[in-house]
Each structure stands twice: as C-alpha cells, then as structure tokens.
Amino acid sequence: MGVESKTHFHVDKSKCIKCGRCVNTCSGMVIEFGKDGYPYMKEFSRFGWQGCWKCQHCLAVCPVGAISIFDKKPEDSLPLPPKEMGTYMEELVASRRSCRRFLDKNVDPDIITGILDAMAQVPTGGNAQWVEYTVIDDKERVNAIRKKAYAIMEEKAKHHKYTHSFNNFYYKKMKESEKSVRKDDMLFCGAPHLFIAHDRNRGKWSEDSKINCHIATAYFELLCNAHGLGTAIMSYPAEVLEELAPEARKMLGIPENHYASLIVGFGYPEIKYARGVQKDRSRKTHRYTDLKKKKNF
C-alpha cells in the first residue's frame with residue numbers, strides 16, 4: 001500500500017508557495033521537497049515512529065491551505081482563536097474551582113457533543129491518539145452506578161476495608177462532608193454526569209498512557225468550565241470502582257485492562273462562585289529572572 005492510499009496526502013500546486021512549513025513541522029519527518037520544489041510525502045513502513053504520526057500538522061500549518069490529508073480539507077478546519085483568548089484562558093484557569101454540589105438535571109446534549117467534538121482534536125503525547133473517552137451523560141445511569149458502588153463501599157467500611165489511599169480517619173471526614181459540602185454523596189459529589197479518560201495498559205508504554213489520560217482529563221475539565229459547567233476531578237471514586245466494586249466499574253463499559261485513575265463529575269453547578277481567589281504565586285513559582293534579582297542563582 002503506497003503513501004497516497006494510506007494517507008491521501010495531497011498538495012494543491014496551484015496554491016503551494018513552497019514555504020517549507022509542512023516539512024519543518026512534520027513530526028515523522030516523512031514530508032520532503034521533491035525535485036520540482038513542491039513537498040511530497042515519502043514512503044514509510046507504518047504509522048508512528050516509523051512514519052506519519054497522523055498529527056495533521058501539515059494541514060494545519062499551511063498558510064495558503066494547499067495541503068489535505070486523510071481526506072480532510074483545510075477549509076473544513078476550525079479557525080484559530082482570537083489573540084485576546086490568552087487573557088480569557090488566564091481568567092478561566094485562575095477562577096476554576098472544584099464543584100461538589102450539582103443541580104439534579106442533565107446537561108444540554110448539544111453542549112456535551114460540542115465538548116466531545118473538541119476533545120477528538122486535542123493532542124496527546126506523540127499524537128498517538130490512544131486515549132479513549134467514556135461519558136455517562138444520563139443522570140439516571142450515573143445514579144445506578146453510584147447506588148451499586150456506594151452500597152459496596154459502605155459495607156466494606158463497616159469492616160474497616162478501604163481503598164489503598166484511605167483509612168478510618170479519611171473515610172470519617174468524607175462522610176462528615178456529606179452533611180454540607182458533598183450533598184449526601186461522598187462518592188460522586190452528586191454529579192449528574194461522569195467523564196473518564198482511559199487507555200489500555202501498554203507494557204513499557206503504560207506510564208505514557210497514564211500521562212495522556214491525565215492530559216485529556218485536564219482538557220475536558222477546562223472545556224466544561226468554559227461552558228459554565230461545574231466539575232470535580234476525583235481519584236477516590238476511581239479507586240472504589242477499581243479496588244472495592246468492580247461490578248460497578250463494569251457498568252461504565254470500560255474494558256478491565258484499561259487504565260482509568262481519574263473520574264470527572266460534571267454538570268450544572270448548584271453554587272456559583274462570584275469571583276476568583278488571590279493566592280500568592282511567589283511560593284510556588286521559581287522564575288529564573290526573579291532568582292537572578294535575589295542573587296540566589
């Protein structure tokens with residue numbers, strides 16, 4: 001099978017200005033200049049390290065829209081965000097808070113669809129795109145999973161059996177939080193929907209899989225907050241499903257051999273924050289120019 005049939009890489013020579021951006025951004029280094037001065041994709045044995053990374057950088061970087069690949073046309077791509085988006089992102093990241101009280105209603109399906117469409121485009125390490133997303137977008141299904149897992153969790157706790165990160169003290173504190181912060185649900189915080197980024201355990205690449213799942217989780221959470229939704233990134237429920245209640249985990253539909261250590265609960269927030277906080281960055285940030293001024297580096 002030739003390159004053209006594998007990737008459908010095509011250069012519109014009537015548009016191409018031979019700028020070389022596609023050559024210089026090709027992660028797999030399979031795009032080169034031909035004898036006629038136009039870029040072409042050379043033969044490769046397989047996708048990934050030995051060929052094309054399927055990143056579509058070539059399509060995205062071309063200033064004149066001369067390149068198409070995988071039957072994707074440049075005119076169908078999303079435009080880049082406006083320059084002022086940087087300020088909006090700073091405000092979004094700084095004002096984001098964990099939501100532990102949600103309204104008991106499903107989120108508008110169109111909002112979820114839009115977020116998931118965006119998630120399909122986000123990059124992961126190496127652009128391998130191995131990470132899969134499972135979304136439980138119906139609150140009744142989430143309630144069924146919660147009911148099953150919660151009952152098992154409670155029964156185990158009676159015999160002082162907890163997940164690897166919990167003990168009597170932490171369990172008691174979480175139960176106490178149900179009276180105010182977590183609205184009668186220490187497991188999922190009453191979230192009507194769940195999102196889980198997961199990937200197959202891949203031997204020596206398993207650590208990369210975990211990192212990619214965490215990157216995807218961060219993207220999803222920010223997208224939810226940008227749409228005015230509340231989110232809570234939760235590790236304890238993932239532990240409960242994995243270690244104490246595997247029968248409840250099966251209700252997610254995630255394969256048993258998939259890594260899934262974080263669950264995002266999301267929905268419309270019951271309580272909205274009025275402003276951001278004012279934390280001092282100097283305790284956490286070690287900036288070279290600041291260190292030079294203090295003459296400590």
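Predicted model: local features only at pLDDT ≥ 70, side-chain atom pairs only at ≥ 80, totals over all residues.
Local features were taken only at pLDDT of at least 70 and side-chain atom pairs only at pLDDT 80 or more, while totals for chains, interfaces and linings use all residues. Residues are numbered from 1 along each chain as its sequence is written, and side-chain values use heavy atoms, without hydrogens and water.

The protein has 11 helices and nine strands; these are DSSP runs numbered from the N terminus, helices being H or I with at least four residues and strands E with at least two. Its C-alpha trace spans about 75 × 55 × 40 Å along the principal axes. Of the 297 residues, 38% are buried (buried is under 20% relative accessible area, exposed over 50%, partly exposed in between, with a 1.4 Å probe and protein chains only). Among contacts with a separation of 6 or more, 73% are between residues 24 or more positions apart, a contact being heavy atoms within 4.5 Å.

The charged side chains comprise 48 positive and 37 negative ones, with Lys and Arg counted as positive, Asp and Glu as negative, and His and the chain ends not counted. Side chains of opposite charge can pair when their charged atoms come close. The structure holds 14 salt bridges, defined by a side-chain nitrogen of Lys or Arg within 4 Å of a carboxyl oxygen of Asp or Glu.

One of them pairs Asp36 with Lys13, with the closest N and O atoms 2.8 Å apart. This pair links distant parts of the chain, 23 residues apart: Asp36 is in the loop between strands S2 (31-33) and S3 (39-41), and Lys13 in the loop between strand S1 (10-11) and helix H2 (21-25). Asp36 is partly exposed at 39% relative accessible area, and Lys13 is partly exposed at 46%.

Lys158 counts as exposed because its relative accessibility is 61%, whereas Glu155, at 39%, counts as partly exposed.

Helix H8 (residues 206-226) also holds Ile211, which is partly exposed at 43%. Ile211, Ile215 and Tyr219 form a nonpolar surface patch with about 230 Å² of accessible area together. Such patches join residues with over 30% relative accessible area and no salt bridge, like charges within 9 Å and nonpolar side chains (Val, Leu, Ile, Met, Phe, Trp, Tyr) within 5 Å; areas come from the Shrake-Rupley method with a 1.4 Å probe, and for residues only the protein chains shown count as cover.

Methods
Charge placed at Lys NZ, Arg CZ, Asp CG, Glu CD.
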